[in-house]
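Biologist: I am new to this structure and would like to learn how to read it. Could we go through its features in turn, with the general idea before each case?

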Amino acid sequence: GMLEKGKNEKHEEQVQFAAYKQFCDDTAVEKTRAIKEANGEIDSLEAKIAKCESTISKLTKEIAQLDEDISVYEGDLQAATKVRKMEHADFVATRTDYTESVDSVTAAIALIKRKMYNKKQAATLLLQIQSTDSPAVVGKALAAFLSTAETDVGLDVTAPEAAAFEDHTGGIIEMLEKLKDKFEDERTQLEKEESNSKHAFE
């Protein structure tokens with residue numbers, strides 16, 4: 001009767017409790033394992049974050065250094081560009097001097113060969129050519145000689161310098177031709193140097 005019923009109920013409660021306790025134990029084990037795994041993941045992620053922060057810090061410093069290098073290079077490039085422009089301007093001016101001098105020497109040789117020149121001016125030209133090898137100075141002397149050649153032909157023929165000039169026209173022509181060759185060689189060398197400087201800059 002009653003006793004049997006009580007025993008059955010107690011047994012059912014014990015079975016239910018045992019099942020519940022097993023569920024709780026299993027759940028506790030599962031949750032403990034999940035927490036442990038989560039903690040492991042947290043530790044791993046924190047390590048990755050720390051590594052990334054370190055990499056960011058390193059890269060930030062490298063970027064700052066590169067920015068500084070770029071700034072220096074840009075400054076160097078500006079300075080080099082300025083120097084290059086000045087060098088090129090010098091080249092153009094000097095090359096023009098050489099070209100004008102070569103043209104003037106050629107014209108002077110032609111006039112002397114045709115004896116169409118002012119004798120006194122020719123003597124002055126000779127003295128100036130003998131005293132300098134600057135294309136600019138020689139160019140001015142030649143320009144003065146050429147400017148009077150057509151207008152003052154035969155003037156001052158009695159001057160002693162004129163007689164001396166007449167006696168040495170062959171030697172003077174040879175001197176002018178050597179001077180012309182020299183200017184042409186120097187102009188060629190100047191052009192080579194300009195080409196080298198241009199390639200070095202580029």
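Modeller: Let us begin with secondary structure, where helices (H or I, at least four residues) and strands (E, at least two) are DSSP runs, numbered from the N terminus. Here the protein chain has five helices and zero strands, and its pattern along the sequence reads α-α-α-α-α. This is a predicted model, in which local features need pLDDT of at least 70 and side-chain atom pairs count only at pLDDT 80 or more, while totals for chains, interfaces and linings use all residues. Residues are numbered from 1 along each chain as its sequence is written, and side-chain values use heavy atoms, with hydrogens and water left out.

Biologist: What percentage of the 202 residues of the protein chain count as buried?

Modeller: The word buried means under 20% relative accessible area, exposed means over 50%, and partly exposed lies in between, using a 1.4 Å probe and protein chains only. By that rule, 19% of the 202 residues are buried. Accessible areas come from the Shrake-Rupley method with a 1.4 Å probe, and for residues only the protein chains shown count as cover; the protein chain exposes about 14500 Å², of which carbon and sulfur atoms supply 58%.

Biologist: How should I read the contacts in the protein chain?

Modeller: A contact means heavy atoms within 4.5 Å. Among the contacts in the protein chain with a separation of 6 or more, 90% are between residues 24 or more positions apart.

Biologist: How many salt bridges does the structure hold?

Modeller: Side chains of opposite charge can pair when their charged atoms come close. A salt bridge is a side-chain nitrogen of Lys or Arg within 4 Å of a carboxyl oxygen of Asp or Glu, and the structure holds eight of them. One of these joins Lys21 to Asp25, with the closest N and O atoms 3.2 Å apart; both residues lie in helix 1 (residues 2-114), four residues apart, or about one turn of the helix.

Biologist: Are Arg84 and Glu87 buried or partly exposed?

Modeller: Arg84 is buried, at 10% relative accessibility, whereas Glu87 is partly exposed at 36%. Their side chains meet in a salt bridge of 3.5 Å, N to O, and because Arg84 and Glu87 are three residues apart in helix 1, about one helical turn separates them. Elsewhere, salt bridges that share partners join Glu30, Arg33 and Glu37 into one network.

Biologist: What is the N to O distance between Arg33 and Glu30?

Modeller: The salt bridge between the side chains of Arg33 and Glu30 has an N to O distance of 2.6 Å. Arg33 is partly exposed at 38% relative accessibility, and Glu30 is partly exposed at 38%.
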